[in-house]
Amino acid sequence: MCGVFGVSLTNRNEAARYTFLGLYALQHRGQESCGIVTSDGEALATYKAMGLVSEVFNDERLLRLPGRIGIGHVRYPRPGQSSVINALPLLARSRYGKVAIAHDGSLVNADELSEKLQAQGVIFQTATDSEIILNLIAQADTTDLEQAVIMAARQLQGAFALVIMTEQCLIGIRDPLGIRPLCLGKTEDGYVLASESCALSTVGAEFIRDVLPGEMIVIGSQGFNSYYYGWHGEENLCIFEYIYFARPDSIMSNRSVYQTRLRIGSQLAKEINIAAEVVVPAPDSGVAAALGFAKESGIPFELGLIKNRYVGRTFIQPTQAMRELGVKIKLNPVNPVLKGKKVILIDDSVVRGTTSAKTVQLLREVGVAEVHLIVASPPYISPCYYGINTSGKSELIAANYSLDEIRAKIGPDSISFLSLDGLYRAVGNGAAQMCRACFTGEYPVPIPGEKPNDEYKVRCV
Ligand code: SF4
């Protein structure tokens with residue numbers, strides 16, 4: 001999971017500032033590194049570094065990024081790839097002039113494409129899929145950049161939402177299944193592309209619509225043109241965006257992420273009946289589901305855990321040791337809300353189980369009478385190959401242990417998961433067509449070497 005942003009203004013040389021603000025709003029999608037490229041119409045300028053947007057950019061750095069067109073990227077960590085050389089956007093000189101690219105998602109045929117390009121003599125400097133895509137664009141047998149992007153996109157398998165720019169234009173393109181999100185907005189004098197609509201609001205842009213699966217949008221000084229290069233008839237947007245990734249104030253595929261999470265909580269309360277005195281969310285992504293649960297069940301909602309906002313999301317830290325340390329400094333209990341109480345703890349998901357185990361332990365240390373963990377998603381049983389760093393199947397707790405074993409490992413008095421049907425009901429129309437491979441093992445784009453529907457131990461309650 002990463003965040004991409006692009007802006008094309010007609011009159012103002014403020015692309016860097018817009019992109020900075022857009023990336024700020026998308027920081028939750030990746031905290032390892034970030035970067036911006038801008039164009040003043042004649043040359044491209046770039047700056048990227050490891051760290052948060054607020055750490056990497058300041059007024060002085062933004063002033064060195066002149067121009068009215070810009071793209072930006074926030075990157076999440078991948079094991080073994082934590083280096084500034086892999087920070088995006090990438091910038092290269094080609095027959096189309098200078099081209100810059102930033103990518104959210106992951107290609108399942110990256111190895112195959114990379115080997116093919118290397119056999120043709122291409123040398124790679126980074127471990128990114130973006131460099132593969134940039135080379136495919138550069139090698140396309142056409143002098144027209146838009147055609148070259150389409151020819152490259154047709155060779156890609158997997159998930160991608162790309163922003164691409166030259167000195168004169170901005171391009172947004174989404175994979176034919178629409179696994180990763182991308183939306184389009186309008187400012188007073190230009191257009192904006194972003195992974196999530198929350199970034200449009202932040203820069204004062206009006207939401208126009210999602211870029212559709214298999215669509216390429218080309219934004220020039222006269223407006224934008226849309227091209228369809230690979231529409232497959234249905235959208236397979238990642239359902240996990242609604243559970244965890246996206247910011248609650250974003251709208252995706254015409255659904256409010258916040259309201260979807262409320263419905264997930266309400267659905268949980270219909271499926272799971274536990275006598276308790278208080279409903280406590282695991283902050284922050286469990287908050288809306290816990291509110292929905294409390295409303296439906298009538299059990300009071302309390303903020304029993306307070307998050308230290310200056311620590312990165314533990315789920316996307318690169319090593320287990322860092323993740324464990326991250327949890328310890330991340331949450332603080334509100335003792336009077338918890339002590340001696342029967343607590344329902346609502347968490348958005350359980351992937352490795354590390355975070356949940358630490359949270360349950362924290363509640364026990366405070367002296368809760370009982371803690372019942374309710375998970376606002378079905379058991380996560382298959383790795384994601386479309387851009388989410390969940391590692392291999394051997395690390396996924398629900399893929400390897402029974403419900404009782406998971407309860408024993410994490411430590412609550414009981415553990416319950418949302419049913420798959422319940423998730424579909426809460427997400428609403430079209431949910432059953434979305435990518436939900438991490439809950440079912442059914443991958444919309446086949447994964448080399450992965451057996452579909454592998455046996456797994458945990459079934460939804
Ligand atoms: S496998 Fe899961 S996390 Fe990955 S894209 Fe599909 S729904 Fe999203």
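A residue counts as buried if 20 or more other C-beta atoms, placed from the backbone, lie within 10 Å of its own, as exposed if 12 or fewer do, and as partly exposed in between. Keep that in mind for the first stop. This is a predicted model, in which local features need pLDDT of at least 70, side-chain atom pairs count only at pLDDT 80 or more, and totals for chains, interfaces and linings use all residues. Residues are numbered from 1 along each chain as its sequence is written.

Select Ser253, in the loop between strand 14 (251–252) and strand 15 (255–256); strands are DSSP runs of E with at least two residues, and helices are runs of H or I with at least four, numbered from the N terminus. Ser253 is partly exposed, because 19 other C-beta atoms lie within 10 Å. Its phi is near 50°, a positive value in a residue other than glycine. Now click on Asn254, in the loop between strand 14 and strand 15. Asn254 has phi near 65° and is exposed, with 10 C-beta neighbours inside 10 Å.

Most peptide bonds are trans.

From Asp284, in the loop between strand 16 and helix 10, move to the sheet. Four strands form an open, parallel sheet in the order 16-19-20-21, where pairing takes at least two DSSP bridges between two strands. Strand 16 (278–281) and strand 21 (414–417) are the edges, each with a single partner, so one side of each lacks a neighbour in the sheet. Finish at Leu345, which stands opposite Leu373 in strand 20.
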